[in-house]
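This report describes selected surface, pocket and backbone features of one protein model. Please consult the sequence and structure shown below while reading.

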Amino acid sequence: MSLFDNTPPSPAAAPAVDKGRPLAERMRPDRFEDFSGQEHILGPGKPLRAQIERGELGSVILWGPPGVGKTTLARLIARVTRSDFVPFSAVLSGIKEVKAVMAEAERNRKLGRSTLLFIDEIHRFNKAQQDAFLPYVERGDITLIGATTENPSFEIISALLSRSKVYALRGLTVPEIMTLLRRALEDHERGLGDLEIRAADELLEQIAIFANGDARAAYNTLETAVAAAKDKELSNQAVEDAIQRKVLLYDKSGEEHFNLISALHKSVRSSDVDAALYWLGRMLEGGEDRLYIARRLIRMAVEDVGLADPRALEQAVAAMQAVHFLGIPEGDQALAQAAIYLAVAPKSDAAYQALNGVLEDVRETVAEPVPMQLRNAVTRSMKEWGYAEGYQHAHQFEDALPEMECLPPSLQGRRYYFPTGRGIEKRIAERLEEIARSRSSSVARRPSKDP
């Protein structure tokens, strides 16, 4: 029988649920079918699932943000592998406690029982504490599963890291969290089903967005909102009070989604800083995906600012990285900063139009062979066939400006890039004029040094 089948747990394995515990704790799944997310490692044929099904699970480091199921996953693995689950907190325990647990695990192994040691926040252990696990991991006394929100490469000692398989867990998606919330509202045994609360999908979506990939945060918000619900109906006000902000509902896959991003883009293009900030704020409060906004800001940088201010692209990319690193709400300020920069930057779509012109010619003209002077003669035969013949090395010419043609014969003299007189492009235009004058000079230009 597969460890991942749909067989419900036996009554003996499912003790009565203490309704006094937090909802997030009560709703921990006791079978893999109810575990949400992480399909990239737990889906059919994926690496961690394959290890568990083959009974070849070694020590594992689960790396991911809070509330994505690291502890739950460790508990499920212990259950399906029939191992004793020993939770251990790096915050509350020291070497003395480590050695006591290890001694017990060693005795269990000799009795034919396996021990799965789960260490939460393993990155908080210092080097000496991490070293204490090594002999027991190597002898197989324990299967170690460590959970961390920090990059294991920096926080876990190399000896322990080399003996473990690192799996990166991702934040849960909005649909995945909505599934968990709906399940909690319908579950009579462990969840809130006895309250018979009705909840619109739009409100559950707002809670899921606010949770930012953290299922625990979503459960906590739902529990708070349900406590304030009236007439068995989850209301906007209850959700607003729970997340302590106004709920702006809009369909992120419908017209309003496109209307708002269009308004932001056109405000930036029009150099209207205040309007750009306003539309950005509307999107943030509506729960728009921050990385989607960052991608669109990058597009504005290359499409509407271009080489009038090359740093605009740097600012937009940096904002995207900041959003990815900081999350909500800190990363929102990076988006605002980028929007302001792009709005005030000088505008040019010359590079954008240049590429469009090139692509039009590529599609509508014959794809001529690369001219011989531009080809590399990497063999003697290729040199004999004329490869590289007529090539002029730029650095052997005055001002590094050879007279060699680089376009195919039918397109020689064609211009695609016409810089504006705004921002940095004014200097680019002057440089292009200087290059043109130099190449059209009647004075014969010769290499400044021998090849």
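## An exposed residue and its surface patch

Val344 counts as exposed because its relative accessibility is 54%; buried means under 20% relative accessible area, exposed over 50%, and partly exposed in between (1.4 Å probe, protein chains only). Val344 belongs to helix H18, residues 330-344. Helices (H or I, at least four residues) and strands (E, at least two) are DSSP runs numbered from the N terminus.

Together with Leu277 and Ile340, Val344 forms a nonpolar surface patch of about 220 Å². Patch residues have over 30% relative accessible area and no salt bridge, with nonpolar side chains (Val, Leu, Ile, Met, Phe, Trp, Tyr) joined within 5 Å and like charges within 9 Å. A salt bridge is a side-chain nitrogen of Lys or Arg within 4 Å of a carboxyl oxygen of Asp or Glu. Accessible areas come from the Shrake-Rupley method with a 1.4 Å probe, and for residues only the protein chains shown count as cover.

## Basis of the model

The model is predicted: local features need pLDDT of at least 70 and side-chain atom pairs count only at pLDDT 80 or more, while totals for chains, interfaces and linings use all residues. Residues are numbered from 1 along each chain as its sequence is written, and side-chain values use heavy atoms, with hydrogens and water left out.

## The largest pocket

The largest pocket holds about 1,300 Å³ of space. Of its 34 lining residues, Pro65, Gly171, Asn212, His324 and Gly327 are the closest to its centre. A pocket is an open set of points on a 1 Å grid over the protein atoms alone, where a 1.4 Å probe fits, with protein on both sides within 12 Å along at least five of seven lines; lining residues have an atom within 4 Å of a point. The volume is the space filled by probe spheres set on the points, which are joined across faces, edges and corners.

Helices H10 (174-186), H11 (201-211), H16 (290-305) and H17 (311-326) each supply at least two lining residues. H17 gives the largest share, 5 residues. The lining divides into 16 nonpolar, 11 polar and 7 charged residues; Ala, Val, Leu, Ile, Met, Phe, Trp, Tyr, Cys and Pro count as nonpolar, Asp, Glu, Lys and Arg as charged, and the others, Gly among them, as polar.

## Backbone features in loops

Ile328 and Pro329 are joined by a cis peptide bond with omega of about 5°. Pro329 is placed in the loop between H17 and H18.

Glu121, although not a glycine, has a positive phi of about 55°. Glu121 is partly exposed, at 26% relative accessible area.
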